[in-house]
Amino acid sequence: MSIPVNPISATGSVSVVNSPAITAAAGVGTTISNGTFSMASGSGNNGGIASIRLRDYQLDFLHQVKRGFEKTTDPSTPWNKEVPHDRGYLIAPWQTGKSKLGPHLAELAKDYFPEKKVLILSPYDVVSSQFVDDLLEGYDGVVSLFDADNKDLTGDVVVASAFSLAKIDALKKLNPDQFGLVIIDEMTFALAPSWQKILTRLGFVDNKGTIISSHNKFLLGMGATGERGDGRHVREVFGNRLLAGRGLNGMIEKGYLHDVAGIEVPYGNSEEDTEIIKDGEETVAVMRNTPENNRRVIDTYEKYLSDKKALIFVESIEHANALARDFNRIYDKQVAEAITAETSNQRTEEIRNAFNRGTGAKVLISIRKLALSFRALGVDGVLHAGQTNSWNLYAQRSGRPLARQEGEPQRTILIITMEGKAKPLDRAQSAA
């Protein structure tokens, strides 16, 4: 089955002001000078917005957002707090290319909010954000970063770490009148207190989190779900304004995503093999970091995914490093790499890029750093070294390899969940 795509024609060069930390993401043909990325159309990654071909649902998403822009810039549009015209949200499964809309949305915003900037709020390290990669690939303008290391709000498009921007000194520098379009990546984060501070500063909610009318701007949420694990919904921020949405099964049936199959693999009869960890609303039953458990993970990999590319998720830095060492010792070669909070952004990009090209490790082991904003290419399976009651976390991790690339045959991704026989966890997700 081929993947239907539609070309969006545009021209222009790309000039990106960015952090030297993302030099690893720059392609051939990209010149780097003093942290500034300049990429001419037809060179570098893919050369301009004309190279980004959109699928039918992505075009529909753009159309619905455009209608939202038209309403919020029309002074005759009446205010309705229940269905506010100055905001809206899009829902689609992970790995369906929501961030690829970024360059097109930024260009569209120029028509409706002239002389104003675009702000993209990210829950990730922004240098690892898929939005940054896609803007580098196709946006005709200047992009700047705001995070712990970069404090630049001067770009036409600003990609910001919400946690950095929510600090008092940073909020004082944020001029709400400069921004016409504000995009929230992984929109359920918008309910968090730090994100609410930013939305209050921008004029979308008051200091109690209540929706208020803004003027000549638009708040756009994107995500795979509108509901948090605690039951709160993004309607608290966006009202009843679902612009468009698509479901997982439909995406698989149409061939946009790979299919999935799941199995549970029981391990260990002793309670000492498994540890129960509770963190707020989330409970995980994790495999302890022991030689016996690591051997069980490796045996499971060999049985179901031998010599194939895979992602493995554990719950501690120590376990990720130990499991990678055991993989490499048993295979007597570098087959596994651990990517954790201790792995630098540049090294993370190097490992991920080599993995996707098929020139690096076949197994990547992580905790949460690979669970977000990572398109894992050519992967046949995801192994969870434990269980969680968080559907969002489970789906985020499992969804990393689901994106089907143009020209790639549709295949089935195996999702493996290790279940401690002595401490099985009642949870939201099912391997089936």
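1. Contact here means heavy atoms within 4.5 Å. With that in hand, and bearing in mind that this is a predicted model, have a look at Asp185 in strand β10 (residues 179-185). Leaving out residues up to four places away in sequence, Asp185 touches Leu121, Ser122, Pro123, Tyr124, Phe131, Trp195 and Met222. Asp185 is buried but has no salt bridge; Lys98, the nearest side chain of opposite charge, sits 6.9 Å away.

2. Next, the largest pocket, at about 1,200 Å³. Its lining takes in 40 residues, and Phe189, Glu282, Arg368, Leu393 and Gln396 are the closest to the centre. Two or more lining residues come from each of α11 (345-357) and α12 (391-398), with α12 giving the most, 4 residues. By type, the lining splits into 15 nonpolar, 14 polar and 11 charged.

3. On to the salt bridges, 21 by count. Lys66 pairs with Glu70, with the closest N and O atoms 2.8 Å apart. The two are 4 residues apart in helix α1 (residues 56-72), so about one helical turn separates them. Lys66 is partly exposed at 31% relative accessibility, and Glu70 is partly exposed at 34%.

4. Asp273 and Arg296 also meet in a salt bridge (3.4 Å, N to O). Asp273 is in the loop between β13 and β14 and Arg296 is in helix α9, so the pair ties together parts 23 residues apart in sequence. Asp273 is buried at 13%, whereas Arg296 is partly exposed at 29%.

5. Arg347 forms a salt bridge with Glu337 at 3.2 Å between the closest N and O atoms. This one links helix α11 to strand β17, 10 residues apart. Finally, salt bridges with shared partners join Lys100, Asp134, Glu137 and Arg375 into one network.

Conventions
Residues numbered from 1 in each chain as written. Predicted model: local features only at pLDDT ≥ 70, side-chain atom pairs only at ≥ 80, totals over all residues. Heavy atoms only, no water. Buried < 20%, exposed > 50% of the residue type's maximum accessible area, 1.4 Å probe, protein only. Lys, Arg positive; Asp, Glu negative; His and termini not counted. Salt bridge = Lys/Arg side-chain N within 4 Å of Asp/Glu carboxyl O. 1 Å grid on protein atoms, 1.4 Å probe; cavity = no way out; pocket = protein on both sides within 12 Å on 5 of 7 lines; lining within 4 Å. Points joined across faces, edges and corners; volume = space filled by probe spheres on them. Nonpolar A, V, L, I, M, F, W, Y, C, P; charged D, E, K, R; others polar.
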